[in-house]
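Please keep the coordinates at hand while reading.

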Amino acid sequence: MSSTLLEVTRAAHEEVERLERLVVKDLQTEPASNKDRLFQTHRVRNMIDTITATTEKLVEIYEDKDNARKDEIAALGGQTATGTNVFSAFYDRLKEIREYHRRHPAARVVDANEEFENLLKEEPIIEFSGEEAFGRYLDLHELFNQYINSKFGERIEYSVYLDVFSQPLKIPRKMKMTRQYREYMENLLEYLIYFFQRTEPLQDLDRIFSKVEADFEEQWTHGTIPGWDNESQENGLVASEHTVIDLDYYSSVEELMEVGPEKLKEALAALGLKSGGTLQQRAERLFLTKHTPLEKLDKKHFAKGLHGPEKNGVAPPPQEVSNLKDIALMEAKVQKLCDLLEETIERTKQNVEKKQALTYEEMEAEREEQEETQVDTESDDEEQQIYNPLKLPMGWDGKPIPYWLYKLHGLGQEFKCEICGNYSYWGRRAFERHFKEWRHQHGMRCLGIPNTKNFNEITSIEEAKDLWKKIQERQGVNKWRPDLEEEYEDKEGNIYNKKTYTDLQRQGLI
């Protein structure tokens, strides 16, 4: 029955709305553990992806490139090639519906709410290694082995590597130009992205990286990227003016040989060319650059690991600049991910240091204890789901009270007190007791009325104010007024009330 385009559109809108409500309902539930939090975020991520895919289909339908939607709306209005016939369109549609139910007599209405509610109980499959402990720690052992077995790395412990891997600035730039370093950075970036997507699926990584790339482009243009800001030096060695030889003054290799082996070596190193060999070989290699641009030279003339000139005062070819820029961008992304995963990295360090102080038996015992704790938590969650269809109040043991006790105390009766902020009290006993409790006393204090027995059974603010006003008026008739009725006598035997006596006394007349 959902074969028509309009019905497909309606069903898609309904699905999007149901999924949006489920997302809100799921996020309102506070997860009890890290595992529950991961399940919740992945459920929400899956529902958001479904909403996005369904919305894209709706956009295609509304764009109506093939005019199918327009034709279907026209058909509903009875518009045909011969003219408009509403009754014909109506009876054709009725015939189609009857034919459908004739072919499917056992068709039943499926409760979509129940199907969607089951999504909240789903536990998505999230792949974590044993070392990662369900997203609590990083597992960088493969990258650690790649680091210590490379030329740019050092022979260090795994715990030290956890401090080093997020600081690529400490690696000399000359080492960063190698293919080995590029592969290492690609693998490191790939793992951190994969781990971040598994532990924080609701984070928009594309938006984060777009901001990183925008900042990187600006810094790269101004040459202010840390570790790449000074293109004229490498490992503290700066190309001085005397290392550059002006080849216009030399017309042959023999003339160039008169410069000397040391100056030729410095000039070749400044250009990134091989500086070894005999005096004649050095002169021939340098003389090649007089008529041939550096980017067109054969790779065999360049130093090992460099397929282009060094940055020592000579502009590199565009391809070399692009490679260096890619490496610098990967470093910027790695540093950003390390900032986002700072707490996880710190937990990983603490876990590694703790494991180094434990024996194998102690680690196994700790692992078994964690598994038992997890099983106990799951069993406790199952026990908490107590069957209580009558919504009976819970007793001290966490179970519903007996039904006879519920009826005896009238716990099905609701009493509301406006003075307590429309708080509900269930049962007559709880209602009578609440007049002496802190909530009602606080409400009466806010109204400026003493909480005496006169105000028992009064729950309305207006009634309480009216009664207090009457009590004040009644007390005003018989009220003792000391200023007017209390008498004082002076030395001469004159009688005054308290107010007159104190006034005369202040003026010094008495």
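**Cavity lining and helix packing**

In this predicted model, helix 9 contributes the most to the lining of the largest cavity, supplying 3 residues.

**The cavity**

- The structure holds 1 cavity of 30 Å³ or more, and the space in the largest cavity comes to about 50 Å³.
- Its lining is formed by Tyr147, Val164, Phe165, Gln167, Pro168, Ile171, Tyr181, Tyr184 and Met185.
- Sorted by class, the lining of the largest cavity comprises 8 nonpolar residues and 1 polar residue, with no charged residues.

**Helix 6 and helix 9**

- The axes of helix 6 (residues 141–148) and helix 9 (residues 179–199) approach to within 11 Å and cross at roughly 165°; with angles over 145 degrees counted as roughly antiparallel, the two helices are therefore roughly antiparallel to each other.
- The crossing of helix 6 and helix 9 is left-handed, and the contact is made by Leu143, Gln146 and Tyr147 on the helix 6 side, together with Glu183, Tyr184, Asn187, Leu188 and Tyr191 on the helix 9 side.
- By class, this contact of helix 6 with helix 9 has 5 nonpolar, 2 polar and 1 charged residues.
- Tyr147 and Tyr184, which take part in this contact, are also listed among the residues that line the largest cavity.

**Helix 12 and helix 13**

- Helix 12 (residues 261–270) packs against helix 13 (residues 279–287) at an angle of about 40°, their axes being 10 Å apart, which makes helix 12 oblique to helix 13.
- Helix 12 passes helix 13 in a left-handed crossing, where Pro261, Leu264, Lys265, Ala267 and Leu268 of helix 12 make the contact with Leu279, Arg282, Ala283, Arg285 and Leu286 of helix 13.
- The residues in the contact of helix 12 with helix 13 divide into 7 nonpolar and 3 charged, with no polar ones.

Methods
Residues are numbered from 1 along each chain as its sequence is written. This is a predicted model: local features need pLDDT of at least 70, side-chain atom pairs count only at pLDDT 80 or more; totals for chains, interfaces and linings use all residues. Side-chain values use heavy atoms; hydrogens and water are left out. Axes are lines fitted to C-alpha atoms, for helices over the stretch in contact, and angles run from 0 to 180 degrees between N-to-C directions. Helices (H or I, at least four residues) and strands (E, at least two) are DSSP runs, numbered from the N terminus. Angles under 35 degrees count as roughly parallel, over 145 as roughly antiparallel, 65 to 115 as roughly perpendicular and the rest as oblique. A crossing is left-handed if the near helix is turned anticlockwise from the far one by less than a right angle, and right-handed if clockwise. Contact means heavy atoms within 4.5 Å. Ala, Val, Leu, Ile, Met, Phe, Trp, Tyr, Cys and Pro count as nonpolar, Asp, Glu, Lys and Arg as charged, and the others, Gly among them, as polar. On a 1 Å grid over the protein atoms alone, a cavity is a set of points where a 1.4 Å probe fits but cannot get out, and a pocket is an open set with protein on both sides within 12 Å along at least five of seven lines; lining residues have an atom within 4 Å of a point. Grid points are joined across faces, edges and corners, and a volume is the space filled by probe spheres set on the points.
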